[in-house]
Amino acid sequence: MHFAPELLDALRQARVIAVFTGAGVSAESGVPTFRDAQTGLWARYRAEELATPAAFRRDPQTVWKWYEWRRDLMRNALPNPAHLAIASLEKTGAEVTVLTQNVDGLHRKAGSTDVVELHGNIWDDLCLECRAPGDGDAPRDGAGLPRCTHCGGLLRPGVVWFGESLPEQAWQRAAELAGKADVFFCIGTSSLVEPAASLPLQAHDSGKTVIQVNPEATRHDASASFVLRGKAGAAMPALLRAAWPGGPASSP
Ligand code: APR
């Protein structure tokens, strides 16, 4: 893959780097994306039946069964070279923050130390009534559903569902970084789900360097400073090797 000298310079000089990611960054770890034609979850399941508060209230067993299935898929998933390359950006000495839409926890598993989870985390449970976090070993009721140990309320997966607001602090940090980061990566996202999908545009409008990594075109192609058309697992390690031939720790 060829990288423009301006791209490599911008990356080497960056003091603050934000890395906005979506399901595509975990695709090479065997975690299905949402919208890829055949393999995407939403090509096989109906989001409105599984990823909305109304769906959960209507049929919590079916929703829990689906999240347990996704947890099984993710339990054995390992970070891939894209996650590892993103984590190694921290060795450059720049301030690096990952802003992820992914709920799989793979960025932290790869060693990223500052990860903002915009859509929650699939390993967290949350009480529908008192909002207390579950402790992962919740008692089950007669229907086999996990119950809150504080109030007895129903526990739900700690992810953000359609129609719900993003965690406030997470969103504030993301919006702030879109205006502050010298370099704003946009990796493996179709950029179709708001408000997160507008972050790269906010960075662009703030005059920042936006680098999109995706094998497919997205709405950000037009505004991105650089577009790397390829899989993140190949593009990210190659980009870091080109920017820092001696390894990221060699940055002055
Ligand atoms: N490397 C980089 N990008 C990839 C790869 C890869 N190996 N494989 C697929 N992609 C790209 C696809 O081309 C697509 O643009 O990743 C994107 C995945 O898009 P979606 O499936 O729509 O996932 P995402 O953008 O993360 O969805 C956003 O929607 O369903 C909700 O809450 C869910 O967080 C999710 C949000």
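Reply: What follows begins with the aromatic pairs and then turns to the ligand, the core and the backbone.

This is a predicted model, and the values below are computed from its atoms. Ring pairs are counted when the centres lie within 6.5 Å, and by this rule the count comes to four aromatic pairs. One of them joins Phe56 and Trp161, whose ring centres are 5.4 Å apart and whose planes meet at 40°, so the pair is tilted; an angle under 30 degrees would have counted as stacked and one over 60 as edge-to-face. Phe56 belongs to helix 5 (residues 53–58), while Trp161 sits in the loop between strand 5 (155–159) and helix 9 (168–180), so this pair ties together parts that are 105 residues apart in sequence. Phe56 has a relative accessible area of 0% and is therefore buried, because buried means under 20% relative accessible area. Trp161, at 2% relative accessibility, likewise counts as buried.

A further pair is formed by Trp66 and Tyr67, and here the arrangement is edge-to-face, with 5.1 Å from centre to centre and 85° between the planes. Both Trp66 and Tyr67 are buried. Taken together, Phe56, Trp66, Tyr67 and Trp161 form one aromatic cluster.

The ligand site comes next. The ligand is surrounded by 22 residues, of which Glu28, Phe34, Arg35, Thr189 and Ser190 are the closest. Ser190 brings a polar side-chain atom to 2.6 Å from a ligand oxygen, and Asn214 places a polar side-chain atom at 2.8 Å from an oxygen atom of the ligand. Taken alone the ligand exposes 730 Å², and the protein buries 94% of that.

The largest nonpolar core holds 30 residues, and Ile17, Val19, Phe185, Ile187, Met236 and Leu239 touch the most other members. At least two residues of this core come from each of helix 1 (5–13), strand 1 (16–21), helix 7 (81–88), strand 2 (95–100), strand 6 (183–187), strand 7 (209–213) and helix 11 (232–243). Helix 11 supplies the largest share, seven residues.

The loop between strand 6 and helix 10 (199–205) contains Pro195, and the peptide bond leading from Glu194 to Pro195 is cis, with omega near 5°. Ser191 lies in the loop between strand 6 and helix 10 as well, and it has a positive phi of about 55° although it is not a glycine. Ser191 has a relative accessible area of 1% and is therefore buried. Arg131 also has a positive phi without being a glycine, of about 65°, but this residue is found in the loop between strand 4 (120–127) and strand 5.

Key
Residues are numbered from 1 along each chain as its sequence is written. This is a predicted model: local features need pLDDT of at least 70, side-chain atom pairs count only at pLDDT 80 or more; totals for chains, interfaces and linings use all residues. Side-chain values use heavy atoms; hydrogens and water are left out. Rings of Phe, Tyr and Trp (its six-membered ring) pair if their centres lie within 6.5 Å; planes under 30 degrees apart count as stacked, over 60 as edge-to-face and the rest as tilted. Helices (H or I, at least four residues) and strands (E, at least two) are DSSP runs, numbered from the N terminus. Buried means under 20% relative accessible area, exposed over 50%, partly exposed in between (1.4 Å probe, protein chains only). A residue is near a molecule or strand if one of its heavy atoms lies within 4 Å of it. A polar contact is a pair of N or O atoms within 3.5 Å; within protein, one must be able to donate a hydrogen and the other to accept it, and residues adjacent in sequence count only if both atoms are side-chain atoms. Accessible areas come from the Shrake-Rupley method with a 1.4 Å probe; for residues, only the protein chains shown count as cover. A nonpolar core is a set of buried Ala, Val, Leu, Ile, Met, Phe, Trp, Tyr and Cys residues joined through side-chain atoms within 4.5 Å.
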